[in-house]
Amino acid sequence: MKWSANWNWKKLFFLLLSINFIILFVIVFLIFWPMEEPTYPQKEFIEEDAGAEFTIRSGKENLTELANAFLKKLPKEDNFTYMISLDDEVKLLGTIIAFGAEVPIQISFDPIVQENGDIILQSTNMSLGLLRLPQDRILKYVNDRIDTPEWITINPKEEHIYIAVTQMELKSNFKVKVQQFDLENDNITFRIKVPNKTLGL
């Protein structure tokens, strides 16, 4: 009986040791797995198309609702949930299920408007639970779990997300560019180009 109890204790010890090795292997794998260089879409300038332009102003609340409605339609892994929050920064907030527990993830971005109206979200802060992983690895983890359209490029190495707003596919055939993205003053403006061909001109 005593021998059986000792044997069970040893089996539990080796099982726990094996689990620890697996966790350590996964962490090391995430840290040292090489990252591929992303391919950016070629920049477009909506001014080159014939048509009328209009300026539309929005606020953080409306844009947050629109962004989250879009994100819900993106394919993603079942154990990964996330949302966008616009405050003084753009924030990606979410949770992943790992080893039966919810692990919070948060990435803060500084939006930088490009000369053609596209936008770069440059990361300023990242966290994945209590794991002290390099920031580029956290963004790679997100990139591996979200199937983004061609006009969104996640670059873990540069720690930013490039959003080619000018190449968004809209059913109306309208073209869009970001003109101003001032979160502090809640001033977000877009230029909308309505091509002549859309109006039958």
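Q: What makes E1, E9 and E8 a sheet, and in which order do they lie?
A: Strands are DSSP runs of E with at least two residues, numbered from the N terminus, and two strands pair if DSSP finds at least two bridges between them. In this predicted model, where local features need pLDDT of at least 70, side-chain atom pairs count only at pLDDT 80 or more and totals for chains, interfaces and linings use all residues, the 3 strands form an open antiparallel sheet in the order E1-E9-E8. Residues are numbered from 1 along each chain as its sequence is written, and side-chain values use heavy atoms, without hydrogens and water.

Q: Why are E1 and E8 called edge strands?
A: Strand E1 (51-58) and strand E8 (175-182) each pair on one side only.

Q: How do you know that E1 pairs with E9?
A: Pairing requires at least two bridges, and 8 bridges join E1 to strand E9 (residues 187-195), so the two strands pair. Among the partners, Gly51 is bridged to Pro195 in E9.

Q: What does H2 touch on the sheet?
A: H2 packs on the sheet and touches E1, E8 and E9; contact means heavy atoms within 4.5 Å. The direction of H2 makes about 60° with that of E9, where axes are lines fitted to C-alpha atoms, for helices over the stretch in contact, and angles run from 0 to 180 degrees between N-to-C directions.

Q: Which helix gives the most to the lining of the largest pocket?
A: Helix H2 (residues 60-71) does, with 7 residues; a helix is a DSSP run of H or I with at least four residues.
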